Amino acid sequence: MTITQTTPLVPSFDDVQTDRKLAIICSKGTLDMAYPGLILANAALGEGIETHLFFTFWGFELINKKTMGDLKFTMLGNTATHMPQGMGGLPWMTSIATSRLKKSIADVGVPEVPEFLQQIHDSGGHLWACRMSADMNHLGLDDLYEGVEAIISATDFIDMTDGAQLLFI
Amino acid sequence: MPVTTISGHDVHVDDEGFLTSYDEWDVTLAQALAEQIGIGLTDEHLSVIAFLRKDYLDRGETATIRRVATVGGVPTKRLFELFPKKPAKKMAYIAGLPKPHGCV
């Protein structure tokens, strides 16, 4: 059935003025667990939502210049691979699993971690590093990806995410 | 499928207002669609729109922001300036294409 509209039917892109804000805590440093936060941040930014990522503990691997391009995936301790766990401990198995996962990610057109962070930064996303993690690892802002705005304390993060929806990954 | 009238053009749209028929689009309609969402089209906007239209013909799906940036060659930052807040959806709307379905 065809319904003819009298007034133009236009998507309501900006009609609903929202102050929705999203904060994502990235605490894992494996290749597989790096992506959920990055993908959700990217999606939120594309919807015009103010987005903050806070990297803490192992999540530092994603923003440490030395490691960000070299995250790994292991089948050890991950029964979701449905492979015998003993195989995971064989030499080179982590390298093989990592390169397979990297290929699958590239095949669906999703960038590697450094490029993805750049995309999030270019889309207006805010990247923050955890003070305690920086101190524990003796890292300063110079050691971190350029898009990271500052090293901040947990208290600062709580202040700045007042009213935000929070995801812990 | 509703039909709506945008500046004298009768076009088929989905429930949100995105055009559903590729061939009902032309550049004058693009100007009208852009006006509806508060964007004044420049040549730079139009070259992005032209990329989306062509890419859709080639691939049968609407390009995401990442694709427009990496394949179309328009930096992500610039896309957020040209089509503020929701570039992917706004580009698709003005280009007369469905919303992109890709996650990234």
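Two residues are in contact if their C-beta atoms, placed from the backbone, lie within 7 Å. With that in hand, let's walk through this predicted model, in which local features need pLDDT of at least 70, side-chain atom pairs count only at pLDDT 80 or more, and totals for chains, interfaces and linings use all residues. Residues are numbered from 1 along each chain as its sequence is written, while chains are lettered from A and ligands numbered from 1 in the order in which they are written.

Let's begin with chain B. Among its contacts with a separation of 6 or more, 46% join residues 24 or more positions apart. Helices (H or I, at least four residues) and strands (E, at least two) are DSSP runs, numbered from the N terminus. Chain B has five helices and two strands, arranged along the sequence as β-β-α-α-α-α-α. Its C-alpha trace spans about 35 × 25 × 20 Å along the principal axes. The radius of gyration is taken over C-alpha atoms, and the globule rule is 2.2 Å times the number of residues to the power 0.38. Chain B has a radius of gyration of 13 Å, which agrees with a compact globule because one of 104 residues would have a value near 13 Å.

The two strands of chain B are worth a look. Strands pair if DSSP finds at least two bridges between them; here β1 (residues 3–6) and β2 (residues 9–12) of chain B pair in the antiparallel sense over four bridges. B:V3 stands opposite B:H12 in β2(B). The two strands form a hairpin with two residues between them, and B:S7 in the turn has a positive phi of about 45°.

Now for the interior. A nonpolar core is a set of buried Ala, Val, Leu, Ile, Met, Phe, Trp, Tyr and Cys residues joined through C-beta atoms within 7 Å, where buried means that 20 or more other C-beta atoms lie within 10 Å of a residue's own, C-beta atoms being placed from the backbone. The largest such core has 34 residues, and A:L53, A:F54, A:F55, A:I63 and A:A129 touch the most other members. α1(A) gives the most to this core, with six residues. Beyond its neighbours within four places in sequence, A:F55 is in contact with A:C26, A:F60, A:L62, A:I63, A:A129 and A:C130. A second, separate core of 24 residues includes A:L9, B:F18, B:V68 and B:Y93.

Finally, where the chains meet, the contact takes 22 residues from chain A and 28 residues from chain B. On the side of chain A that touches chain B, α1(A) gives the most, with four residues.

Notes
A residue is buried if 20 or more other C-beta atoms lie within 10 Å of its own, exposed if 12 or fewer, and partly exposed in between; C-beta atoms are placed from the backbone.
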